[in-house]
Structures are given as structure tokens and as C-alpha cells.
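The sequence and the structure are shown first.

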Amino acid sequence: MKQKRHTVDQIIAKLRRADVEIGQGKKVPEVCRLLEITEQTYYRWRQKYGGMQPEMAKELKALQKENARLKKLVADQALDMEILKEAARGNW
């Protein structure tokens, strides 16, 4: 099976379509075949993006990106502090 990358908007649209199909009485494996995804992917998406609106999902991505940037900044700052401590220790 060809591996694809889906955007957040596409994922949410597919989850909504899955909800409609399941509401009409179809089983999850049938819906997954219809959406051309595996059951594992369906459940992973459901867990991550379950009841989100597209705007909420975009905000989540932005917050995750900002969080990663801030973690990197803190790590760099801690490294700089450690270097300064080491340099100051050698002068005494």
C-alpha cells in the first residue's frame, strides 16, 4: 500500500466522513477501506484529533512547534550557563 501524508484538514475531514458512515451502520473496517486508511491509522487519528475543529488542530500544531522552539532555547541557554560557570571556575 502506498504511504501518504495527510494534512490536518484532510484528517479531520476523513474522521467526520467516518463518523457519518459509522452512523449509517457501517463497521470500522468497512469505513477504513472506504477512506483508504488502515484501522490502526483510524484509531490513532481518532485519539489525536477526535473532536477537534480544523482551527483547533492548526492551533495545536502551532503550539507544538512553539513548544519545541522554546525547549531548544532553554537547552541552549543552559549550555551557555554551564560554559560560563566552567570558564569562571578556571580564573580563580
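The text below moves from the chain as a whole to its core.

The model is predicted, and its secondary structure consists of 4 helices and 0 strands, which follow one another along the sequence in the pattern α-α-α-α. The radius of gyration of the chain is 22 Å, well over the 12 Å that the globule rule gives for 92 residues, so the chain is more spread out than a compact globule. Along its principal axes, the C-alpha trace spans about 75 × 30 × 15 Å.

Some totals for the chain are collected here.

| Property of the chain | Value |
|---|---|
| Share of the 92 residues that count as buried | 20% |
| Accessible surface | about 7600 Å² |
| Share of the accessible surface that belongs to carbon and sulfur atoms | 56% |

Among contacts between residues at least 6 apart in sequence, 51% join residues that are at least 24 apart. As for charge, the chain carries 20 positive and 13 negative side chains, and the centres of these two sets lie 5 Å apart.

In soluble globular proteins, nonpolar side chains tend to be buried together. In this chain the largest nonpolar core has 15 residues, and those with the most contacts inside it are I12, L15, I37, Y42, Y49 and A57. At least two residues of this core are supplied by each of α1 (8-23), α2 (28-35) and α3 (39-49), and the largest share, 5 residues, comes from α1. Which residues does I12 contact, leaving aside its neighbours within four places in sequence? I12 is in contact with Y49, M52, Q53, P54 and A57.

Note on methods
Residues numbered from 1 in each chain as written. Predicted model: local features only at pLDDT ≥ 70, side-chain atom pairs only at ≥ 80, totals over all residues. Heavy atoms only, no water. Rg over C-alpha atoms; globule rule 2.2 N^0.38 Å. Buried < 20%, exposed > 50% of the residue type's maximum accessible area, 1.4 Å probe, protein only. Contact = heavy atoms within 4.5 Å. Areas by Shrake-Rupley, 256 points an atom, 1.4 Å probe, with all protein chains shown as cover. Lys, Arg positive; Asp, Glu negative; His and termini not counted. Charge placed at Lys NZ, Arg CZ, Asp CG, Glu CD. Core = buried A, V, L, I, M, F, W, Y, C linked by side-chain atoms within 4.5 Å.
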